[in-house]
Each structure stands twice: as C-alpha cells, then as structure tokens.
Amino acid sequence: MSHGWISRRLPLFIILLVMGAVALLFTSHNQRFYRRPIARVEAVKAGTVQRTSDQFKNIDHEHNQTLTVRLMNTRYRGQRLQVSNTYSDSQPMDQRYHVGDQIFLTQLRKRHHQLSANVAGYKRDTVVVFLSWLVCLMLIMMMGRAGSLALASVVVNSLLFIIAIEIDLKNNGQHVLLIFGTLAVIFTVVSLLLILGPTMKMLATVAATLLGTFLALGLSLLVFSWTHERGIYYESMQYVTQVPRPLFVAETLLGSLGAVMDESSDIIATLFELKQLNPRIGRGALFMSGRNVGKSIMGPLINVLFLTFMTETFTSSLLYIKNGNSWGYTFAMNMSLGTVQSLVSGIGIVLAVPLVSGFGALLLGRQKK
Amino acid sequence: MTTITALGIVLLILMVAVGGKQGWTAFLSLILNFGFLYFAIVLIAFHVPPLFVTITTGIIILAITIFMGEDDLRTTVTAFYAALIVTAILIVLIFVVEHWAMVQGFGTEDSDDLEGMSILIGISYFKVTVTVTTLSTLGAIAEAAMAIAAGLTEILQAHPEVGNRQLMVSGMTIGRQIIGTTFNTLFFGFFGGFLALFIWFAGLNYSLGTIMNNKIFVAEMIEILISFVGVLLPVPTTAWIMTRRRHKIADKQDS
C-alpha cells in the first residue's frame, strides 16, 4: 500500500514487536513466579508399549516413557530427576512429552538424596500470550483507532465479567438471573459507548438491543413452560457448580447479547445514514430499509452463534458415539443444550430486526401528515 | 412436542415473517449446517482422516452460509474465495498453535462427565481439536467476508470507475466499522457459553497461574483468539479479491 501508511505505522509496529518479544520472553522464563514446581524435559527414554481395547472394539496403545527433567524453580532449582509418564495414541487426558517441553510436577520430595515427583501437566501460558499479542498486533496495525477501541471493549467486558462472577459467588449462586441480567445491561451500555461514543445513535442502539434480547428470552421461557422443558437435559450441562437452570438461562442471555448488539448497531447506523441523506424521509420508508438490512444479516449472524455453540460439543459427541451410544442419545446428552441456545439466540436476532427498525423509524422518521 | 421442536417452529415462523423468502433460506442453511456438522462427527467416528473431514465440511459450510445468505453473485463469489483463502491460512495457524498448546481431549474438570466412558478410542484427539477450532471460526469468517464484499459491491455499483487502491481503502474502512461489534458477537458467544466453567474456577479459587495453564481454559482462549484473527484476515483479503474480480462479474452480468 502507500508509502505514507508504512512510514506512519512503522514506529508503532516496532514498539508492538518489542513488546511482544518481551512478553514472550517473560512467559517462557516466569517459572520463579509459580509456586508449583516446573521442570524442563532434557531427555526422553521410550518404555514399553501396551495394546488396549474396550468392549466397543476401540483399539489404542499405551506407551510408557521415562523423562529426565531439570527443575526450573523451587529450592531444588537446577537439580535433575527422573519421572515416568504414560500416554496413549489418542492422547485424550494424557500426553506425550518431548525434549524441551516445560511441565508441572506434583508431590515433589526428596528421599535418600533422591528427588521424586509425578507429572501434573504441561505449561501453556506462553501460547495464550503469543496469540493475544498476535491479535493485538493485527488489530492495531490494520484497524488503528477502531481496533484499539474494540480491544478496550473486550478488556473492559472481561473485567466486568470477572466482577459479576465474584458477586455471584458471594451470593452463593442465588439471584443468578438478576446478577447476569444487570451485567447484560451494563455490557451493552459500555460496549456501545466505546464503539459509538456518547451519541443519540448509541442510546437508540442500547434501547433496541436490550428490548430485543430480553423479549426473545421472555418468549423462549414461555415456550419452555408450554412444552414443560421436554428434551432439555440440564444434567448434561458441563462444569456446573450451581443450580443449572438459571445458569443456563444466563449463559443463553449473554451468548445472544453480542449478536443482537451487532445487528442493532448495523441497522441503526443505516437508518441514521438514510436520515442524513434525506431529512424528510418517512417512518414507513425507514422501517422498510431497516428490515431490508436486518434480513440480510440475520442469517449469517445466527450461523456464527450456531457454529460456536455446537462445535463446543463436538469432542464429547464423538466420544459418545465411540462408546456405543445411539445417534439420538448422543444428540440429547451433548447437543440439546447447544441447540436450545442457538435457537433462543436466533429468535433474539430475528425479533430484533422489526424492533430496531421500528424504534429507529419512530425516532428519526417524520410522521405522515 | 419437545422444547427444541417448539423453539425451532417459533424461529421458523419469525424468520419467514421478518425475512420472507430470505428468512426461509436462512433457516434452511441453519438446518443444513447442523446436518453437515453432525455428519462430520459420524465420519470421524468411522475413522475418516479428521483433516480431510475438516476441509470438506469446512468448504461445504462456508458455501452454505455464504451462497444461501445472499443472492448477489458479485458479493457471494468474492466472499467465498476470500473465505477459502482465510480458512486455509487459519488451518495452518491452528495446526501450529494447537501443536504448541497441546489442549486436545479433556481436562481434569471433565472427569465427572467421563465417568464410565472409555476414552481411549484410537482417534487422535489432537486432530479432532484442529477440526473443532477450524469449524467454530467458519461462521465468523463467512460473516466478515460477506460484510466487506457486500459493502464493496455497493460502492462498485454506485461508482463503477473507482480505482483499485481506493477500493482497498474502502474495504479497510468498512472493516473498521464492523470490527467493534463483530468482536462483541464473538466475545459474548464464547464467554456466555463458558459462564459455568468460570464460576467453577472462581469458586475453587484457581490461581491465575493455574488458569493460564488449564487445558480447557487455554483451549477456549485459543478458539476465541483464532476467531478474532478469523474476522480480521477477511478484511484485506476480500478487498484484494474484489480488485481482482471486479471486471469479471461486471462483464458477465452485462452480457
């Protein structure tokens, strides 16, 4: 692209590059900040191999390996010890280690001048830091100010999310819906304030987003009670430490919020543009334009959420099928909740179209005399 | 009637009421995507190589999402090519990152759900993770590519004489307008789905160091960050494809 673009962005690019290098260097040398023992694999000796099979005729192999590792923190830092590790071909919860890998150890102790420990997992923080840096770099270099604001909104929302979870825990899981419902309102205001700035447009988008999201949720809950929640298996929900049903509703609410916000801001932006081009435009015309914009983006948006919700269940569905379960049971136990989430979000996304268009038209359009 | 059927019918009625014929095709694309996703699981269960399943299912899902979402050929064909290029780049990136992070399979937090299951199924969970991560970003890629392509088509229709460099700049400008809200869609989509896990982490007082190395958390972060890359890459790619293809389709439609 143009020469000016490169010379303008070059200093920023170098700064970001240096910051990335420093962050990567730090995360690959931050062992002293961990209380858990971390060691580096220095040599690997392959051991025995055992063939396994189960009653579903799944065949796998279990391998033993002896690792010579050197401790990188704790008071035994620098000392070597040997640990044994078992891994399989498919590596579902175990994994094969290679020379140079950094691993966590547990039950590290010294007996008769001999250190012993068990392998407890792989050090992964460097990857997260690298990818986060890559996204920041691309965002800021490609999108400039808009990119930085998008980044800021993600960071602020993450912090709000953590605070809400703390409040939820303080209440021992009571009032889940109240807490995360309020959070949804705050999320909407903060995100749109950052993206659109404190304008009339932003207020209109906030109102439309909240109206669409909560109306869809209300409608879905009505359907829930009409059908007595038949076919929704809350017991299949993962990682539940509180009452699952309100948690599920809160998850669905938050999950659809972003998409409805996305759509509302697109429609409202178009309506404001139309109003600017033709200040005398009527309400009916505005409503129809809003609907036209909305109906072309609703399909792709629902597909975005559908794919994120459903691929989440991919691995466990595969496991169910390989354990001799029927396709129907596999669906019920793994995918039913994801499907409900996709459908509720879809309803929110579709309902938002007439709501946002109508709202924008009322706000901007001239009444026909 | 089960709740899923009822919700599906409500969604169908609303989509047709709001979007007419376009609403109907959008609903159909959702059903088809579900079918191909489930089919992908079955194929992998029958030991078809996961990478092959990823590529074929990926192309099919992209085609369904893009060609059934919009009618204008200049928009869809451009978006489709751009999405294919971006997906190819992303598969390489996903392969490298997943290999580095080793987050395949299940974490210790999954132990309860896995009770009584035989997890040694003889299929590489690493390859399955590459499949999952790739498929989960397809929607985001398709949506971003479509938004850019549709905006540029509009510009080309209003000003057919616009230069290639200006077209690239316009593509980036449209990208800037959509990036904030698209990030929100993905952020909430992912974080909403993992509310329960985060409550688990906070409730059991996981330290920052534990969370940053936790298999499930890292897998989730990789998915969300890769999908962020998946909406950023289509912006210049789609604009570039549009500069290549602008005359091709314009000429065809004229003749």
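A search of the whole structure, a predicted model, finds 28 aromatic pairs over all chains. Rings of Phe, Tyr and Trp (its six-membered ring) pair if their centres lie within 6.5 Å. Planes under 30 degrees apart count as stacked, over 60 as edge-to-face and the rest as tilted. In this predicted model, local features need pLDDT of at least 70 and side-chain atom pairs count only at pLDDT 80 or more, whereas totals for chains, interfaces and linings use all residues. Residues are numbered from 1 along each chain as its sequence is written, chains are lettered from A in the order in which they are written, and side-chain values use heavy atoms, with hydrogens and water left out.

One stacked pair is formed by A:Phe161 and A:Phe187. The centres are 6.5 Å apart, with 20 degrees between the planes. This pair links distant parts of the chain. A:Phe161 lies in helix α2 (residues 125-170) of chain A, and A:Phe187 lies in helix α3 (residues 176-196) of chain A, 26 residues apart. Helices are DSSP runs (H or I, at least four residues), numbered from the N terminus. Both A:Phe161 and A:Phe187 are buried; buried means under 20% relative accessible area, exposed over 50%, and partly exposed in between (1.4 Å probe, protein chains only).

A:Phe306 and B:Phe34 form an edge-to-face pair, 6.4 Å centre to centre and 65 degrees between the planes. A:Phe306 lies in helix α6 (residues 283-311) of chain A and B:Phe34 in helix α1 of chain B, so this pair joins two chains. A:Phe306 is buried, at 4% relative accessible area. B:Phe34 is partly exposed, at 24%.

One aromatic cluster includes A:Phe161, A:Phe187, B:Phe187, B:Phe188 and B:Tyr206.

The contact between the chains (heavy atoms within 4.5 Å) takes 117 residues from chain B and 117 residues from chain A. The buried area is about 10,700 Å², of which carbon and sulfur atoms give 76%. Buried area is the accessible area (1.4 Å probe) that two parts lose on being put together, summed over both. In chain B, B:Trp100, B:Leu120 and B:Phe188 lose the most area to chain A. Together they account for 7% of what that side buries. Helix α1 (residues 3-45) of chain B gives the most to the side of chain B that touches chain A, with 26 residues.

Across this interface, the rule finds zero salt bridges. A salt bridge is a side-chain nitrogen of Lys or Arg within 4 Å of a carboxyl oxygen of Asp or Glu.
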